[in-house]
Amino acid sequence: SSNQMWGGRFAAGPDAIMEAINASIGFDKRMAAQDIAGSRAHAAMLAAQGIITSSDAEAMREGLLTVLSEIETGVFQFSTALEDIHMNVEARLKEVIGAPAGRLHTGRSRNDQVATDFRLWVRDQLDAASSGLTALISALVAQAEMGADWVMPGFTHLQTAQPVTWGHHMLAYVEMFARDLNRVQDARKRMNESPLGAAALAGTSFPIDRDMTALALGFDRPMANSLDAVSDRDFALEFLSVASISAMHLSRFAEELVIWSSVQFRFVTLSDRFSTGSSIMPQKKNPDAAELIRAKVGRIFGANVALMMVMKGLPLAYSKDMQEDKEQVFDAADNWMLALAAMEGMVKDMTANRTNLEAAASAGFSTATDLADWLVRTLDLPFRDAHHVTGSLVAMAEQKGCDLPDLSLEDMQSVHEAITADVFDVLGVHNSVASRTSYGGTAPVRVREQVARWKEVLE
Ligand code: ARG
């Protein structure tokens, strides 16, 4: 038999394959609460505008609440024949309240309905991402505060570069995740406009009040163009872009945790709660959560690309292609939230191994730049000459199998006769980090200032 919602012109029902490719109820049922909120706002507006009677609106209101509770308690029977969440809800409403249900779709289309539901859903996810990012930032700030003056190697090319502080390294990620948070809030502002009332594509001849429904649903205003309202998905793409950038940040940090927790580094110990064992190697404690976070960027960025490809080249206004938007966003959202929560948990639980960090910071001639800077400051050498002298000293130390502070003053003077014993002051890693007091630098005083600033921001 033909579809009860749109089957008037049809003699036969759809082929089973048609139904399989067409139906979205398997995934868009996740927007049930948003769909019902949208319908309630629409019904109340229709009555306020005298388009339907207030008794019909009251029946709809109560019926929609019944349907919502059926969905929430899991007794609702979803039907693939009814395609999507919109028609599943409306069909059930008809069973619950009878004839008045048939007036709910006045001045509305599934095109503005789905655009509204999806915006509401994405908006909730942006809010969840805000919370997740804020919690992660707090956990990182706590790590930074604890280790504001703990010394560790800073790397370039993953080769020892200069000593930095643990707090400084943690705060680098705070900055990145705070920009992600900013992007989330920015995207929310831009997307928070209501498509409801755009109807199929052209608007409607009924005297609807789009400001009223926009307000009821927490939107800042109705969207200004009905064609745009039903056919654009840039809000979903922006969500996926922001999620992709954030997942990229998560992935980089996760990679560092994988490296740092290895036996070769031993910079951090991850908690048992965020590690797994091996089924064959009894000694193993693997950083699986970090590895999975590292990988999540793949599927999130994949979703971003997939939806971009779906949308490119679509003529205005609605096309069914756009139904492909939801699974990508759902999957990306689920995995982004999970990655944020897992990272927060790992960061809260992990222990930085101060002794190992400091030992590593001292290895690899990490204070060679400090030595070159000393030659410039004290002996007034041009930096290039100082660089060369220091390079010779590094080569000498390498040949002797020792570090720079282990060279004797005579060794030093054999390379440059004017070097004095004062030079040894700058070869220690603590002096090195303490000296880097330029704004944004790694010195513990600067790190503590930034920690204080972030604590204030978080309050
Ligand atoms: N399930 C559809 C979607 O997700 C709802 C809109 C259907 N509109 C239409 N004209 N067929 O996009």
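**Start with the surface.** Accessible areas here come from the Shrake-Rupley method with a 1.4 Å probe, and for residues only the protein chains shown count as cover. Bear in mind that this is a predicted model, where local features need pLDDT of at least 70 and side-chain atom pairs count only at pLDDT 80 or more, while totals for chains, interfaces and linings use all residues. Residues are numbered from 1 along each chain as its sequence is written, and side-chain values use heavy atoms, with hydrogens and water left out.

**Switch to the C-alpha trace.** Along its principal axes the trace spans about 100 × 50 × 40 Å. The chain has a radius of gyration of 31 Å, whereas a compact globule of 459 residues would have one near 23 Å. That radius is taken over C-alpha atoms, and the globule rule is 2.2 Å times the number of residues to the power 0.38.

**Now the cartoon.** The chain has 18 helices and 6 strands. These are DSSP runs, numbered from the N terminus: helices are H or I with at least four residues, strands are E with at least two. Of the 459 residues, 48% count as buried. Buried means under 20% relative accessible area, exposed means over 50%, and partly exposed is in between (1.4 Å probe, protein chains only). Contacts mean heavy atoms within 4.5 Å. Among contacts between residues at least 6 apart in sequence, 75% join residues at least 24 apart.

**Select the ligand.** Which residues are around the ligand? They are Ser24, Asp28, Asp84, His86, Arg110, Asn111, Val114, Tyr318, Gln323 and Lys326. Helix 6 (residues 110-146) gives the most to the shell, with 3 residues.

Next, show side chains and look for polar contacts. A polar contact is a pair of N or O atoms within 3.5 Å; within protein, one must be able to donate a hydrogen and the other to accept it, and residues adjacent in sequence count only if both atoms are side-chain atoms.

- Asp84: a polar side-chain atom lies 3.0 Å from a nitrogen atom of the ligand.
- Asn111: a polar side-chain atom lies 2.9 Å from a nitrogen atom of the ligand.
- Gln323: a polar side-chain atom lies 2.7 Å from a nitrogen atom of the ligand.

On its own, the ligand has 350 Å² of accessible area, and the protein covers 87% of it.

**Go to Asp325.** Asp325 is in helix 12. Is Asp325 buried or exposed? Asp325 counts as buried because its relative accessibility is 0%. Leaving out residues up to four places away in sequence, Asp325 touches Phe118, Arg233 and Leu307.

**Stay in helix 12 for Met346.** Met346 lies in this helix too. At 1% relative accessibility, Met346 is buried. Beyond its neighbours within four places in sequence, Met346 is in contact with Leu257, Leu270, Phe274, Ala289, Ala290 and Ile293.

**Step back to Ala317.** Ala317 is in the loop between helix 11 (288-311) and helix 12 (325-349). Look at the peptide bond from Leu316 to Ala317: it is cis, with omega near 0°.

**Move to Thr106.** Find Thr106 in the loop between helix 5 (85-97) and helix 6. Thr106 is buried, at 18% relative accessible area. A polar atom of the Thr106 side chain lies 2.5 Å from the backbone oxygen of Arg103. Not counting residues up to four places away in sequence, Thr106 touches His42, Leu46, Ile51 and Phe206.

**Finish with two loops.** Select Leu158, between strand 1 (151-156) and strand 2 (159-165). Its phi is positive, near 55°, in a residue other than glycine. Leu158 counts as exposed because its relative accessibility is 52%.

Then select Asp380, in the loop between helix 14 (368-379) and helix 15 (383-400). Asp380 is not a glycine, yet its phi is positive, about 60°. At 66% relative accessibility, Asp380 is exposed.

Definitions and conventions:
Near = heavy atom within 4 Å.
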